[in-house]
Amino acid sequence: MKIRVLGSGAGGGFPQWNCNCHNCHRIRRGEMNGTPRTQSSIAVSTDNKNWLLFNASPDIRAQLEAFPAMQPQNGIRDTGIKAVLLIDSQIDHTTGLLMLREGKPLDIYCTEMVKQDLTSGFPLFTMLKDYCTVNHHAIPVDGSSFEIPAIADLRFYTQALKSKAPPYSPHRHDPHDGDNIGVIIEQISTGKKVFYSPGLGEIEPHVMDALQNVDCLLVDGTFWTDDEMVTQNISHKHAREIGHLPQSGAGGMIEVLNKVGNARKILIHINNTNPILDNDSPERKILDDAGIEVAYDGLEIDL
Ligand code: MLT
Ligand code: MN
Ligand code: ZN
């Protein structure tokens, strides 16, 4: 299978439009060894033609323009996007659906909880009824598997995660299974597997199992420290409070990934405040030494 990282940034992207933090300030002025990043999304295919879009970022237009394999090939209107899978209903993962409104009905795979959010607090599905319409396909939250007919040779295992529903969601302070999911994507013919989870608040036993049983990890790289937005005077919010496990410190993502065997380890959904965006930072050196990569826009993984 081929995985294309369309957007490796967290909500807001990098640089964020209104942000003057150490990273955003320096990247705009060319004073930092790093690259800008669009907001969170990947695409997966087994034939380089029919693609499953994971999350629909507000930056989807630019992401598709940067990737010919998903652009129109046949007829006057066309796309490589054959289905969309949403792992939650966050703004950075769903707003791009509005940008797909000129197309055919969208086949969207998401949990019942995500569907509820997208027909209530952020009623995208309701709005899209007057454009392309949405065919919703409910997906499990107990680790059981399903297939998507339009995407050959892939099987998906989806499981509930402890992260956070978006601020607008009726479930923000009333968590339910399915507000957020992690996904194992398996190529049936080869048995190769990847685990995708850009929002991971806690390493529950079923998450550890997933991490240990796949060939490649694309996991939450949002924050380096729990208080990084607080110490930079950006927000009162702590990483763990908004459903993201920081990389450093006791119980952090580096410690977790050090317990995982042979998988290729890649952090994704990097917030603009995170020092790992600077390729020359000491934090980046720590990741390099631990064999952990940092996703960038346009990264392609062949599994
Ligand atoms: C998150 O994952 O917590 C989001 O990136 C927040 C947002 O989109 O504002
Ligand atoms: Mn996000
Ligand atoms: Zn910033």
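Visitor: Which side chain does the side chain of Q63 make a polar contact with?

Guide: That of T38, at 2.9 Å. Bear in mind that this is a predicted model.

Visitor: Where is Q63 found?

Guide: Q63 sits in helix α2, which covers residues 60-65.

Visitor: Buried or exposed? And why does Q63 count as that?

Guide: Buried, because its relative accessibility is 4%, and the cut-off for buried is under 20%.

Visitor: What else is Q63 in contact with, leaving aside neighbours within four places in sequence?

Guide: The list is L6, G7, T38, Q39, S41 and S57. As for L6, its C-alpha atom is separated from that of Q63 by 5.5 Å, with the two residues 57 apart along the chain.

Visitor: Are C19 and C24 buried or exposed?

Guide: Both C19 and C24 are buried.

Visitor: Now the manganese ion, ligand 2. Which protein donors does it have?

Guide: D92 (OD) and H269 (NE2), which lie 2.1 to 2.2 Å from the manganese ion. This pair links distant parts of the chain, 177 residues apart: D92 is in helix α3 (residues 91-94), while H269 is in the loop between β12 (264-268) and α9 (282-289). Water is not among the atoms, so a site may look incomplete.

Visitor: Different topic. How many salt bridges does the structure hold?

Guide: Ten.

Visitor: Which residue does R26 form a salt bridge with?

Guide: With D278, where the closest N and O atoms are 3.0 Å apart. R26 lies in helix α1 (residues 22-28) and D278 in the loop between β12 and α9, so the bridge ties together parts that are 252 residues apart in sequence. Both R26 and D278 are buried.

Visitor: What about E204, which side chain does it meet in a salt bridge?

Guide: E204 meets K162, at 3.4 Å from N to O. Here too the pair links distant parts of the chain, 42 residues apart: E204 is in the loop between β10 (193-197) and α6 (205-212), K162 in the loop between β8 (154-160) and β9 (181-187).

Visitor: How do E204 and K162 count for accessibility?

Guide: E204 counts as buried because its relative accessibility is 13%. K162 is partly exposed, with a relative accessible area of 46%.

Visitor: And where do D289 and K285 lie?

Guide: Both are in helix α9, four residues apart, about one turn of the helix. D289 and K285 form a salt bridge, with the closest N and O atoms 3.0 Å apart. D289 counts as exposed at 57% relative accessibility, and K285 as partly exposed at 48%.

Visitor: Last one. Which residues do salt bridges that share partners join into one network?

Guide: K2, R4, E300 and D302.

Terms used. Residues are numbered from 1 along each chain as its sequence is written. Chains are lettered from A and ligands numbered from 1 in the order in which they are written. This is a predicted model: local features need pLDDT of at least 70, side-chain atom pairs count only at pLDDT 80 or more; totals for chains, interfaces and linings use all residues. Side-chain values use heavy atoms; hydrogens and water are left out. Buried means under 20% relative accessible area, exposed over 50%, partly exposed in between (1.4 Å probe, protein chains only). Donors are N, O and S atoms within 2.8 Å of the metal (3.2 Å for Na, K and Ca); water is not among the atoms, so sites may look incomplete. Helices (H or I, at least four residues) and strands (E, at least two) are DSSP runs, numbered from the N terminus. Contact means heavy atoms within 4.5 Å. A polar contact is a pair of N or O atoms within 3.5 Å; within protein, one must be able to donate a hydrogen and the other to accept it, and residues adjacent in sequence count only if both atoms are side-chain atoms. A salt bridge is a side-chain nitrogen of Lys or Arg within 4 Å of a carboxyl oxygen of Asp or Glu.
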